[in-house]
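Reader: I would like to go through a protein model with you. Could we take it step by step?

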Amino acid sequence: MKKQIPNLLSVSRIVLSPLVIFLYFYNSFITSILALIFLIVLEITDALDGIAARKFNLVSDLGKVLDPFADTVFHITMFTIFLSEGSMPIWMFIISLYRDMFSMFIRILGGLRGFAVAAKFSGKLKTASRAAAVIIIFLIKVLKFTSLNYLPFDKITYYSLLIVTVITIYSFFDYLPLITKKK
C-alpha cells in the first residue's frame, strides 16, 4: 500500500477535479472559498506525490507518467473553466493544450524506445506557474464577493495566464530535443 501513495495522490487530482468545478461554478462566496481550499489541497498533492516518491524510494515508471498526466488533466480542466467564462484567451488555452499533448507524445515515444521521460526543470516550472496562476484566479473569484471587487482583477488574471503561457512555450522547446533521443 505504501508503494501506491504517490500514485494515489496523483489520481486524486483527476478524480476530485469535478468537485472543484462544481464548487467554482456554484458561484457563491462559501463555495468559492471551498473551491479555493480544494484547489490548494490538490495542488499540494502534486508536491507531496513527488516528495513521497523520492523520500521513500517509491519512484516508478508509472508514477513518472501518471504524475504529469494528472497535472495535465487537472490544469487543462481548470483552464477550460477559465476559457468557458472568458477569462482565458483561446490562444493561451491552445498553447497549453498543444504543449501538454506534445509532452504526452514524448512520454509515449520514450516508452516505445525503452525509457521513461522524467520531468525536466522547465516542466516543473510550468506546473508551478500553472498552480500559482490557478490559485490566484480562484482567490480573485473569492475576492470578487468582497468590497475589494474594484481591483483590476481582469488584468491580474490575464498577466498571470500570460506568464504561464510564456513558461509553457519555453518548456515545449526544452522538451523538443527528446524527440530524437534514443535509449
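Predicted model: local features only at pLDDT ≥ 70, side-chain atom pairs only at ≥ 80, totals over all residues.

Reader: Let us begin with salt bridges. How many does a search of the whole structure find?

Author: The search finds eight salt bridges.

Reader: Which residue forms a salt bridge with Asp 67?

Author: Arg 13 does, and the closest N and O atoms of the two are 2.7 Å apart.

Reader: Is Arg 13 buried or exposed?

Author: Arg 13 has a relative accessibility of 1%, so it counts as buried.

Reader: And what does Asp 71 form with Arg 13?

Author: Asp 71 also forms a salt bridge with Arg 13, with the closest N and O atoms 2.9 Å apart. Asp 71 lies in α3 and Arg 13 in α1, so parts 58 residues apart in sequence are tied together by this pair. Both Asp 71 and Arg 13 are buried.

Reader: Which residues are linked in a network of salt bridges?

Author: The network links Arg 13, Asp 46, Asp 49, Asp 67 and Asp 71.

Reader: Let us turn to the helices themselves. At what angle do the axes of α1 and α3 cross?

Author: The axes cross at roughly 10° and come within 8 Å of each other. An angle under 35 degrees counts as roughly parallel, and α1 and α3 are therefore described as roughly parallel to each other.

Reader: What kinds of residues make up the contact of α1 with α3?

Author: The residues of that contact divide into 15 nonpolar, six polar and three charged.

Reader: Now a change of topic. How many residues does helix α6 have?

Author: Helix α6 has 23 residues, 153-175. From its first C-alpha to its last, α6 reaches 33 Å, which is close to the 33 Å expected at 1.5 Å a residue.

Reader: Which residues of α6 are buried?

Author: The buried residues are Phe 153, Thr 157, Ser 160, Leu 161, Val 164, Thr 165, Ile 167, Thr 168, Ser 171 and Tyr 175.

Reader: Why do residues three or four places apart point the same way in an α-helix?

Author: They do so because an α-helix has 3.6 residues a turn.

Reader: What do the buried residues of α6 pack against?

Author: They pack against α3 (61-84), α4 (90-112) and α5 (121-143).

Reader: May we take Thr 157 as an example? What is it in contact with, leaving aside its neighbours within four places in sequence?

Author: With those neighbours left aside, Thr 157 is in contact with Ser 87, Ile 137 and Ile 140. Thr 157 is found in helix α6 and, at 6% relative accessibility, counts as buried.

Reader: One last point. Which residue meets Asp 174 in a salt bridge?

Author: The side chain of Lys 120 meets that of Asp 174, at 3.4 Å from N to O. This pair links distant parts of the chain, since Asp 174 is in helix α6 and Lys 120 is in the loop between α4 and α5, 54 residues apart.

Reader: Are these two buried or partly exposed?

Author: Asp 174 is partly exposed, with a relative accessible area of 23%. Lys 120 also counts as partly exposed, at 28% relative accessibility.

Technical notes
Residues numbered from 1 in each chain as written. Heavy atoms only, no water. Helix = DSSP H or I, 4+ residues; strand = E, 2+ residues; numbered from the N terminus. Expected span 1.5 Å × (residues − 1). Buried < 20%, exposed > 50% of the residue type's maximum accessible area, 1.4 Å probe, protein only. Contact = heavy atoms within 4.5 Å. Salt bridge = Lys/Arg side-chain N within 4 Å of Asp/Glu carboxyl O. Axes fitted to C-alpha atoms, helices over the stretch in contact; angles between N-to-C directions. Parallel < 35°, antiparallel > 145°, perpendicular 65-115°, else oblique. Nonpolar A, V, L, I, M, F, W, Y, C, P; charged D, E, K, R; others polar.
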